[in-house]
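Please examine the sequence and the structure shown below before reading on.

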Amino acid sequence: MLNSWKIYILAIVSFLVGTSEFVIAGILDRVATDVGVTLAAAGQLITVYSLAYAIGTPILIAITAKMDRRKLMLAALALFLLGNLVTITTTGFTMLFGARIILAIGTGVFMVVALTVASKFAQPGKQGGAIATVLLGFNLALILGVPLGRVIAGSYDWKIIFTGIGVLSLIAMFVLLLTIPKSKGEIPVPIQEQLSLLKTPRISIALSISFFWILGYTIIYTYISPFLLTITGMSDQMVSIGLFAFGIASLLGSQVGGYGADKWGIPRTMIGGLLLHSGILLLITAFSHSSVFVLPLLMLWSFFAWSTGPVQQVYLIDMAPNASGIILSLNTSIVQLGMAVGAVIGGMVVENISLQAVGWIGAIGVAFALLPAVVSLSIRSQSDIRGQELSETKV
């Protein structure tokens, strides 16, 4: 109990940095109009953010491994503050592009270190709960940060959002300085060692599930606000309500996904979630002109989309229990790469086909995740059978 409030502080700051990542999708149409670019071009702000997060975070974490953890979190937040300052003073799209890179690296480094520090604060046997609390703060950004950002952008300038985040991040730095004690760094894990896991076929196949799942999701989510405004015909207020409902459903889906992995098993939960995720995206496309249908479908999409995350994490940890930290770090990078590619594909679809088409193209992307899922789970099943036969032979 003594350190639990410190874990909640880290969770609150995680909400702050998470909002900077997710909110851009909710205000994409306004950003595009303000900086004078097309929707497709504005969507690449998500691409560059994800690429910077995926590539920059593991490199910086490896370089700064021996650095005091509090000092590293403060440095990450200082970088994050700089990214917000560049965002609110931007005079063009190129400058905004650079700001997203700075924000991504600051967010990525902070989140990795915050999760590590939270696990150290936790009582023995409760590390998982501490990590889940910090991640809950990050995920709440999707539930509260995105719709709140949409409301603020609708009433004021969208840069007010990043002004507020910047001020709060400065306050957060002082709070962390006063409340989080110094702690030693860790033994650095070279990038080569981290990437060596990708040489194992069953692990690389399993990680590709994350890539295609999030790729299909991002193809449509990147353009969700203009999709709801232009295709479905929702008002600004209804879009904010829809994004809030989307966020609530994502939290419920994540909880059910974790429960399902334990209760129904990984294969059923994973395959079922991916099938329903893909199918609902097709339904969203089919009924895209009716808000009566789209709003509940939006919630179902979010529910089944985010049910895959915890199942995949449990699956990967089970696959490499002695290197769980490294494989989860790799999975985070793969997810960010998938988001980057998804945003690029989504931009191409909007530019060359139509805004409405992001729905069924996204469904195809998610469906591609079923192939590595089936192959990977089949390998796992065969491995379990061989292990059981070997055990019986010894007996």
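Within the chain, confidence is lowest in helix H16 (residues 370–394), where the mean pLDDT is 70, and highest in helix H15, where the mean is 95. The model is a predicted one. Over the chain, the mean pLDDT is 85, and 91% of the residues reach 70 or more. Where pLDDT is low, the predicted coordinates should not be read in detail.

In soluble globular proteins, nonpolar side chains tend to be buried together. Which residues are in contact with tryptophan 301, leaving aside its neighbours within four places in sequence? They are Tyr217, Ile220, Tyr221, Ile224, Phe246, His277, Ile280, Leu281 and Ile284.

Nonpolar side chains are also found at the surface: Leu282, Ile353, Trp360, Ile364 and Phe368 form a nonpolar patch there, with about 490 Å² of accessible area together. Helix H15 (residues 358–368) gives the most to this patch, with three residues. Isoleucine 364, one of the patch residues, has its place in helix H15. Because its relative accessibility is 39%, isoleucine 364 counts as partly exposed. Helix H15 is also the element in which confidence is highest.

Leaving aside neighbours within four places in sequence, valine 341 is in contact with Phe211 and Leu215. Between valine 341 and glycine 149 there are 192 residues of separation in sequence, and the two are 25 Å apart in space, C-alpha to C-alpha.

Is threonine 64 buried or exposed? Its relative accessible area is 16%, so threonine 64 is buried, given that buried means under 20% relative accessible area. Not counting residues up to four places away in sequence, threonine 64 touches Arg69 and Leu72.

Definitions and conventions: Residues are numbered from 1 along each chain as its sequence is written. This is a predicted model: local features need pLDDT of at least 70, side-chain atom pairs count only at pLDDT 80 or more; totals for chains, interfaces and linings use all residues. Side-chain values use heavy atoms; hydrogens and water are left out. Patches are made of residues with over 30% relative accessible area and no salt bridge: like charges are joined within 9 Å, nonpolar side chains (Val, Leu, Ile, Met, Phe, Trp, Tyr) within 5 Å. Accessible areas come from the Shrake-Rupley method with a 1.4 Å probe; for residues, only the protein chains shown count as cover. A salt bridge is a side-chain nitrogen of Lys or Arg within 4 Å of a carboxyl oxygen of Asp or Glu. Helices (H or I, at least four residues) and strands (E, at least two) are DSSP runs, numbered from the N terminus. Buried means under 20% relative accessible area, exposed over 50%, partly exposed in between (1.4 Å probe, protein chains only). Contact means heavy atoms within 4.5 Å. pLDDT is the predictor's confidence in each residue, from 0 to 100.
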